[in-house]
Amino acid sequence: MTFHDRMRMTPLCGYDPADMKISKSLFVTKKEEPADAEVRSHALMVRAGFIQQIAAGIYVYGPLMWRVLRKIETIVREEHDRAGCQELLMPALQPRELWEESGRWERYVADKILYHFEDGRGREVCLGPTHEEVITNFVKGRITSYKQLPQNLYQIQTKFRDETRPRFGLMRGREFVMKDAYSFDASAEGMAASYAVMRDVYRNIFTRCGVRFTPVEADAGAIGDAASEEFMVDADTGEDAIAVCRTTGYAANTEKAVSKISAPPEPEAEVAMHKEPTPAAKSCEDLRALFPDLPLERMLKTILYRATWLDRDQVVAVMCRGDREINTIKLQNALDCLAVELADEKTVKAVTGAAVGFAGPIGLADDVRLMADASVEGVKGFLCGGNETDTHYLDVYFGRDLEQPETHELGLVQSGDATVDGEGTIEITRGIEVGHIFQLGTKYSEAMDCRFADENGKLQPFHMGCYGIGVSRTAAAAIEQGHDDGGMIWPLPIAPYHVMIIQMRAGDEAQEGLAQELHDQLEAQGIEVLWDDRKMGAGGKFKDADLVGIPMRVVVGRDAADRKVEWKPRTGGEVEVISADDVLARVQAAFDA
RNA sequence: CGGGGUGUACCUCAGUGGUAGAGGGGAAGCUUUGGGAGCUUCCAGUCGCGGGUUCGAAUCCCGUCACCCCGACCA
């Protein structure tokens, strides 16, 4: 790929902007970090003036930030357009009726995620958190024949979600910039093909953005019911835990991940079930102290949850091996309920008749639904709670002492687990979810009665896919991944400017002239230059340059009269004195690297 | 929604019942000019808001709001 091809890849705009002299622009940085910013990306963006908080999770994107967002958007648009997707723009304001059609109004209101209110004439509307309803409605009656398929439509727009706990700056906002795309196909196979195309589009986008990322298998959550993958920017500060295996290449969100469950050790001899006093032994750890010879794998804990459906709720008891944990997402999916939360102390006492810590499968209240994680299978001679304070049963056998409850894969993968194929070992790392792709199937097209005529003239529901990218979150993730003590380190393709020229002395004729010459020469090649011509001390200029993280720095200083300048990449290089005539070549080399 | 924390100048913060403070920042001037330089002068606050106690409240009490953190929740 030539330099000029690369330059075309992330144009910021189609017109020639004026000289970008800092002295003439609104460029305001702070010496001190905001006290309320916990994560690096947030603190640096505020300090560098990229964003300003207006309320929890609501921000102004300043001029430099906006340039970054537009660059990401440009990459997103180019890759979508190249794959045959078409851009459109849907309304943020949406009527309740549309959401009633898909049946999501109730759930989103119950989850308190939806901004909704009455308009002046008493009609209920919401601010769109996502656009399946609108796009499905748009397509309805517009795509009427299989001959028009497949289609993929996308938009880049501000989304609104009333997050109960917005946090970490742009990482989780209540208002944020998102790209959402929706595919329409005639069949499940077609949908899978569209999905596969989008997977490549996403890989290309994040590769071009210059972030390190991992695609992982994901839980589809409330939005879909089939295959789904997330694109995670690798970062220790990420909110998501992901299970990866270096040997097999397996990668999945821990919400979804599965692992091979080790075989439980066999008891030495079969003994009749018996009840034992276990004073104050509420946890497996406490029990180990009492029964040092009993391995954790043969202690089955029983955890009580309250599951909620639209019209009811129920206490659910879940058995699980002592060395494993329950994954509540999997539990929620197995129950097909809206929410699952740990039962409170009062409930536990009511259904077990015992203090918290002694729940077991035998003698639970009748209205409790008993389930088990797959890890209990084949466990013999186990310990479990006695449903009586300070009491456990020992040497319990499924089949002999009680029926094995309905069993599902409900476990949480743990670091060190073997992969399902037994070929490798799982490690838990963290990431920031910047993209998520789903196969929706006919969920929305059926619910909203959105159909096309097939080859036989029969009406069929569309097979849909939906594909999201958090644009503003991607920018934050890039900083989370690229920063040092001095400030941000932008990847070249999404940096607000490519080159920072520091003119050491404002008003110095030789410096002014050389800086102008370099500026004009670079801009003529489509290279974006931020020119620090401010009348201030050198220290401040260097600090600011490090802070805003422009990838390349050219210092025009005392040797300007000799056409000598200093060259330094923001990271990974030392200061070099070079001829001003070599600057363009250096910049081009950086683009070609 | 549970738990914890913080609200004082544009920013970062000090100030435990008696006149509202510092540093940064901004303005003016002089001196400086290669990693936030120095000196002088100036600018800047309804101490989140409401109520109460008190001769007197930034400070004590009650309420309320906002923001941050942990958890729950989260296309």
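## Cysteines

C245 is buried, at 4% relative accessibility. This is a predicted model, and a search of the whole structure finds 0 disulfides.

C337 is also a buried cysteine, with a relative accessibility of 6%. The cysteine sulfur closest to that of C337 belongs to C320, and at 17 Å it is too far away for a bond. A disulfide would need the two sulfur atoms within 2.5 Å.

## Domains

Chain A is assigned domain 1 (3-20 + 497-592), domain 2 (66-90 + 127-258 + 428-479) and domain 3 (274-411). Between the centres of domain 1 and domain 3, taken over C-alpha atoms, the separation is 65 Å.

## T278

T278 lies in the loop that runs between β13 (274-277) and α8 (284-290). Its relative accessibility is 0%, so T278 counts as buried.

Apart from neighbours within four places in sequence, the residues in contact with T278 are L287, L290, F291, F358, D390, T391 and H392.

## S194

S194 sits in helix α7 (residues 188-209). With a relative accessible area of 12%, S194 is buried, the cut-off for that class being under 20%.

The side chain of S194 makes a polar contact of 2.5 Å with the side chain of D185.

Terms used. Residues numbered from 1 in each chain as written. Chains lettered and ligands numbered in written order. Predicted model: local features only at pLDDT ≥ 70, side-chain atom pairs only at ≥ 80, totals over all residues. Heavy atoms only, no water. Buried < 20%, exposed > 50% of the residue type's maximum accessible area, 1.4 Å probe, protein only. Domains from an automatic or database assignment. Helix = DSSP H or I, 4+ residues; strand = E, 2+ residues; numbered from the N terminus. Contact = heavy atoms within 4.5 Å. Polar contact = N/O pair within 3.5 Å; in protein donor to acceptor, adjacent residues only side chain to side chain.
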